[in-house]
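Let's take a walk through this structure together. Keep the sequence and the model side by side as you read.

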Amino acid sequence: MVFTCETDENELRADTNFRERLQPEHHLDESPLTKLHDFGLISNMPLDYMHMICLGLMRRLILLWIRSSSGSAVAPKFRRLIYNRTAKLTNTIPLEFHRKPRSLSEIDNWKATEFRFFLLYSGPFVLRHYLPQKYYNNFLLLHIVMRLLAIGNYTDRTIATCKTFITQFLREYESIYGSNEMVYNVHSSKHIVSEPENTNQFMVVMKWFIMYIQANT
């Protein structure tokens with residue numbers, strides 16, 4: 001299923017609308033959570049940043065650049081240069097980063113933290129001059145939004161900026177890569193920027209905690 005910018009909903013779903021089942025196609029049965037009257041079935045259900053953005057959207061973008069057959073792939077010469085840049089980063093990363101990034105040639109084995117590192121830190125440097133300018137500028141919009149959200153200290157201005165930039169990112173993304181690439185994970189980036197308004201937190205998702213426990217037991 002794809003979510004084009006033209007057909008996308010103008011209004012986000014609200015707790016009341018969900019409880020009243022105003023969109024019956026989104027309901028298979030009544031959730032037990034509806035019995036919790038003070039629980040927001042939309043506002044209190046955080047989106048999964050790890051899978052939607054890191055393992056979803058960021059991974060999808062990289063694969064479009066290095067493996068796509070639709071014309072969005074980088075020329076082999078520049079692809080090798082990008083691979084080399086990511087590989088050279090390994091010995092320069094501070095100890096504060098739990099996992100050292102691997103070359104893009106090993107992307108099939110990348111973990112969520114590696115996609116996160118690429119999105120928030122190394123991507124703008126690695127891709128500069130090698131990724132076509134319109135692709136690079138589009139990626140920077142996503143990078144800026146996620147950096148602002150990751151930093152915290154949310155203000156109305158920060159959230160408004162993120163919403164403006166993510167809308168621009170999605171419109172450019174659809175124009176560059178085509179409507180068929182507007183899948184759920186891509187579409188969800190529009191909604192994830194609203195998370196701080198609901199929880200005043202971002203990326204504090206249980207799956208990160210669970211994976212950390214599993215890795216250290």
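## A tour of the helices

The chain has nine helices and zero strands, where helices (H or I, at least four residues) and strands (E, at least two) are DSSP runs, numbered from the N terminus. Read from the N terminus on, the elements therefore follow the order α-α-α-α-α-α-α-α-α. Before we go on, please note that this is a predicted model: local features need pLDDT of at least 70, side-chain atom pairs count only at pLDDT 80 or more, and totals for chains, interfaces and linings use all residues. Residues are numbered from 1 along each chain as its sequence is written, and side-chain values use heavy atoms, with hydrogens and water left out.

Of the 217 residues in the chain, 41% are buried; buried means under 20% relative accessible area, exposed over 50%, and partly exposed in between (1.4 Å probe, protein chains only). Contact means heavy atoms within 4.5 Å, and among contacts in the chain between residues at least 6 apart in sequence, 64% join residues at least 24 apart.

Let's turn to a pair of helices, H5 (residues 133-151) and H6 (residues 156-177). Their axes come within 9 Å and cross at roughly 150°. Axes here are lines fitted to C-alpha atoms, for helices over the stretch in contact, and angles run from 0 to 180 degrees between N-to-C directions. That crossing angle is why H5 counts as roughly antiparallel to H6; angles under 35 degrees count as roughly parallel, over 145 as roughly antiparallel, 65 to 115 as roughly perpendicular and the rest as oblique. H5 passes H6 in a left-handed crossing (left-handed if the near helix is turned anticlockwise from the far one by less than a right angle, right-handed if clockwise). On the H5 side the contact includes Lys134, Tyr135, Leu141, Leu142, Val145 and Leu148, and on the H6 side Cys162, Phe165, Ile166, Phe169, Tyr173 and Tyr177 are among the residues involved. Sorted by type, the residues of this contact are 15 nonpolar, four polar and two charged. In that sorting, Ala, Val, Leu, Ile, Met, Phe, Trp, Tyr, Cys and Pro count as nonpolar, Asp, Glu, Lys and Arg as charged, and the others, Gly among them, as polar.

The loop between helix H3 (76-88) and helix H4 (112-127) is where you will find Ser103. Is Ser103 buried or exposed? With 10% relative accessibility, Ser103 counts as buried. Leaving aside its neighbours within four places in sequence, Ser103 is in contact with Tyr83, Thr86, Ala87 and Trp110.

Most residues other than glycine have a negative phi. Arg21, however, has a phi near 55°, a positive value in a residue other than glycine. Arg21 sits in the loop between H1 and helix H2 (49-66) and is partly exposed, with a relative accessible area of 36%. His129 also has a positive phi, near 75°. His129 belongs to the loop between H4 and H5 and, at 63% relative accessibility, counts as exposed.

Now for some pairs that are separated along the chain. Thr16 lies in helix H1 (residues 15-19) and is partly exposed, at 48% relative accessible area. Thr16 and Ile42 are 26 residues apart in sequence and 8.9 Å apart in space, C-alpha to C-alpha. Glu195 lies in helix H8 (residues 195-199) and counts as buried, at 8% relative accessibility. Glu195 and Leu47 are 148 residues apart in sequence and 7.5 Å apart in space, C-alpha to C-alpha.

Finally, what about the cysteines? Cys54 is buried, with a relative accessible area of 0%, and Cys162 is buried with a relative accessible area of 0%. A disulfide is taken as a pair of cysteine sulfur atoms within 2.5 Å, and by this rule the count comes to zero disulfides.
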